[in-house]
Amino acid sequence: MAIDTATTRVARLRAEIERHNRLYYELDEPAIPDAEYDQLFRELQSLETQYPELLTLDSPTQRVGGAPLKYFAEVQHRTPMLSLNNAFSEEEVRAFDSRVREALGVVEVEYAVELKFDGLAINLRYRDGVFVQGTTRGDGSTGEDVTENLRTVRPLPLRLHDGAVGDLPADVEVRGEVLMFNRDFDQLNAQQRANGDKEFVNPRNAAAGSLRQLDSRITADRHLSFFAYGVGLCEGLALPRQHDGQMALLQQWGFPVALQRRVVSGVDGLLDYYREMGEQRAALPFAIDGVVYKVNDMALQQRLGFVARAPRFAIAHKFPAEEAMTILLDIDVQVGRTGALTPVARLAPVFVGGVTVTNATLHNEDEIRRKDVRIGDTVIVRRAGDVIPEVARVVLERRPADAREFVMPTRCPVCGSHVARADDEAAWRCTGGLFCPAQRKQALLHFAGRRAMNIDGLGDKLVEQLVDANRVNTPADLYELGMSALLSLERMGEKSALNLLDAIAHSKHTTLARFIFALGIRNVGEATARDMARHFGSLDKLLAADVARLQQVHDVGPVVAQSMVDFFAEAHNRDVIEQLRRSGVVWDEHEAQPDSILPFTGKIFVLTGTLAALSRQQAKERLEALGAKVSGSVSKKTDYVVAGLESGSKLERAQQLGIAVLSEDEFLSLIEG
């Protein structure tokens, strides 16, 4: 190949590879298979080897890492990398806004608001649009030179794009955060376990450790990510005069920036954003520990200035800590509705994730052994959003001399039956079946649950009384209850009894999907029950299906299929089903509907606001019956947003992304048509 031809081909390959990097790492929309990407990459490497004069620092091939360094050189920041003061309460945020307004002499302030990433702050330097140096924050004045490691971070542009060289600054510093996405963190720890190496504590710990590797080839294997959040020194180009304008410019240059950023007015706008991001926090693909508020106008930022090592124009509003340290006082064993024995940590009370926690799951015996958890240990407890608190790890240096190892009981702590463990399972299970009161109570609670038969008023205490008084042993017994039986229970009045009997009678008219889910078959969740009902159309056809026939249902594998066959093979389970049908439990049946013929198969809907004709759950069930998936958040993959009264941020997000928005009338017309 002639040098001119090679030069042209190299330029095209670099542009194509960087385009695919952006599609994959920033937009989560890969356009080609990994094998095709690897082929492009190898071709570029080959041409750069054949023509060394074509190799440049901004080539994608320079992301693979080079020879190990002996140490990291120190670098003096040209402009300090300041930290932010923190707010932990609404009162502190209001005080911040009051100070800003008083200093500026205005009634209301416009703020730029964005996520506070839980990663490692870095400074990137670009000359004439080419990445030349990257440093850690360090002490704010001096950081470490981690340039070679940062070259391996694929979302980070090695050359600024979207503009001729004349449109780019001669010299610019970009501030941002290196972090690790949750999926990459889980994969890294799985690899660490497989290799017998120590696991990382959390994504931030993993990102920091990966970025400070002296061997950049190790960093290249760690799948680090990056988000930009500001500009430091800039020469040769006039920047926008608002922070949100600078963020838009960073995005134009090729930097990933948080999609959740926006501009709000006043302190109420700040607090609304904080609450909204708090609700979304658990669903984000990366860790955040708060949000950041900045005065949007850069001239006003300059007027406000700095105090000590923090700006007066910005503050971080932190979420409640998701991890806290406490003492593990004891380990109890709970028996679930399927008979699974779950060890539960009893803890000295600790405030974590916004609530006081006294119990945390230990998952199973294998996890206890892997984490080396012992009674008396000091442990780290983690709680994220509505997730059940768990014991994340042990603080080994605080282990007391009398710490005791946990021993799984050989008999069920509730009914005394033997416990057994299948070869392919982590859980031990009680063999007592319907004889075990623990399983009986949980099975009844599951049967009566809102997503199952929806028997309003049948809660924990009432089920406990009914089972303990031997009034109810199976779900079918619920439909034989009378007024006298209920009035004999403690604290049960006539009105409450009538309400419960009405709820039980109302539950007789249900759907096949709800009924299947209510049976509590192992491995059969709400979605699987819905798929089964849609696929078979009738209970009798489902009862007659073998493992092979069941596996024809969407997303049903051999484990789920075998669980269903085993459940229906038990005579007492069939007896209960027959008793329920004789008691008048009914549902509409229909012809079998293979997934391929459903009108909304593959379509994603999001519901927001209040619908007049249907409840949110009814609308969801109608959509799912037509093959649609109903999501809780709006993304580029969403096909339709159904907007009822008082629709909020989801509607705004859909409009920003250009997603089809349906009114309630349009939605009803669509699903009924």
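# Questions on a predicted model

User: Why is H223 counted as partly exposed?

Analyst: The relative accessibility of H223 is 40%. Buried requires under 20% and exposed requires over 50%, with partly exposed in between, so H223 counts as partly exposed. This value, like the others discussed here, is computed from a predicted model.

User: Where is H223 placed, and what is noted about its phi?

Analyst: H223 is in the loop between α7 (216-220) and β8 (225-235). Its phi is near 55°, a positive value in a residue other than glycine. Most residues other than glycine have a negative phi.

User: What makes R491 exposed?

Analyst: R491 has a relative accessible area of 80%. The cut-off for exposed is over 50%, so R491 is exposed. R491 is found in the loop between α14 (483-487) and α15 (494-507), and its phi is positive, about 60°, although R491 is not a glycine.

User: Why is strand β4 described as largely enclosed by the rest of the structure?

Analyst: Strand β4 (residues 120-127) has 8 residues, and 7 of them are buried. Buried means under 20% relative accessible area, so β4 is largely enclosed by the rest of the structure.

User: How do you know that β4 pairs with strand β7 and with strand β5?

Analyst: Two strands pair if at least two bridges are found between them. β4 and β7 (residues 171-179) have 8 bridges, in the antiparallel sense, and β4 and β5 (residues 130-136) have 6 bridges, also antiparallel. As examples, N123 stands opposite R175 in β7, and Y126 has F131 of β5 as its bridge partner. In the hairpin of β4 and β5, with 2 residues between the strands, D128 takes a positive phi near 50°.

User: What makes the pair of F181 and F227 stacked?

Analyst: A pair of aromatic rings is described by the distance of the centres and the angle of the planes. The ring centres of F181 and F227 are 6.3 Å apart and the planes stand at 15°. The centres must lie within 6.5 Å for a pair, and planes under 30 degrees apart count as stacked, so the pair of F181 and F227 is stacked. A search of the whole structure finds 16 aromatic pairs.

User: Why is the pair of F181 and F227 said to tie together parts of the sequence?

Analyst: F181 lies in the loop between β7 and α5 (182-194), whereas F227 lies in strand β8. These parts are 46 residues apart in sequence, so the pair ties them together. Both F181 and F227 are buried. F117, F181, F227 and F286 form one aromatic cluster.

User: How do you know that F605 and Y640 form a stacked pair?

Analyst: The rings of F605 and Y640 are 5.0 Å apart centre to centre, with 25° between the planes. The limits are 6.5 Å for a pair and 30 degrees for stacking, so the pair is stacked. F605 lies in strand β25 and Y640 in strand β27, so this pair ties together parts that are 35 residues apart in sequence.

User: Are F605 and Y640 buried or exposed, or partly exposed?

Analyst: F605 has 0% relative accessibility and so counts as buried. Y640 has a relative accessible area of 25% and is partly exposed, as the value lies between the cut-offs of 20% and 50%.

User: What makes β25 and β27 a pair of strands, and which sheet holds them?

Analyst: β25 (residues 604-608) and β27 (residues 640-643) pair in the parallel sense over 4 bridges, and the criterion is at least two. F605 stands opposite Y640 in β27. The open sheet has 4 strands in the order β26-β25-β27-β28, with parallel pairing.

User: Why are β26 and β28 called edge strands?

Analyst: β26 (629-631) and β28 (660-662) each pair on one side only. The twist of the sheet averages 30° from one strand to the next. Helix α22 packs on the sheet, touching β25 and β26, and its direction makes about 170° with that of β25. Helix α23 (residues 649-657) lies across β25, β27 and β28, at about 135° to β25.

User: How do α22 and α24 pack, and which residues make the contact?

Analyst: α22 (residues 616-625) and α24 (residues 664-672) pack at an angle of about 35°, with their axes 11 Å apart. The crossing is left-handed. The contact is made by A619, R622 and L623 of α22 and by F667, I671 and E672 of α24. By class, this contact has 4 nonpolar, no polar and 2 charged residues.

Note on methods:
Residues are numbered from 1 along each chain as its sequence is written. This is a predicted model: local features need pLDDT of at least 70, side-chain atom pairs count only at pLDDT 80 or more; totals for chains, interfaces and linings use all residues. Side-chain values use heavy atoms; hydrogens and water are left out. Buried means under 20% relative accessible area, exposed over 50%, partly exposed in between (1.4 Å probe, protein chains only). Axes are lines fitted to C-alpha atoms, for helices over the stretch in contact, and angles run from 0 to 180 degrees between N-to-C directions. A crossing is left-handed if the near helix is turned anticlockwise from the far one by less than a right angle, and right-handed if clockwise. Contact means heavy atoms within 4.5 Å. Ala, Val, Leu, Ile, Met, Phe, Trp, Tyr, Cys and Pro count as nonpolar, Asp, Glu, Lys and Arg as charged, and the others, Gly among them, as polar. Rings of Phe, Tyr and Trp (its six-membered ring) pair if their centres lie within 6.5 Å; planes under 30 degrees apart count as stacked, over 60 as edge-to-face and the rest as tilted.
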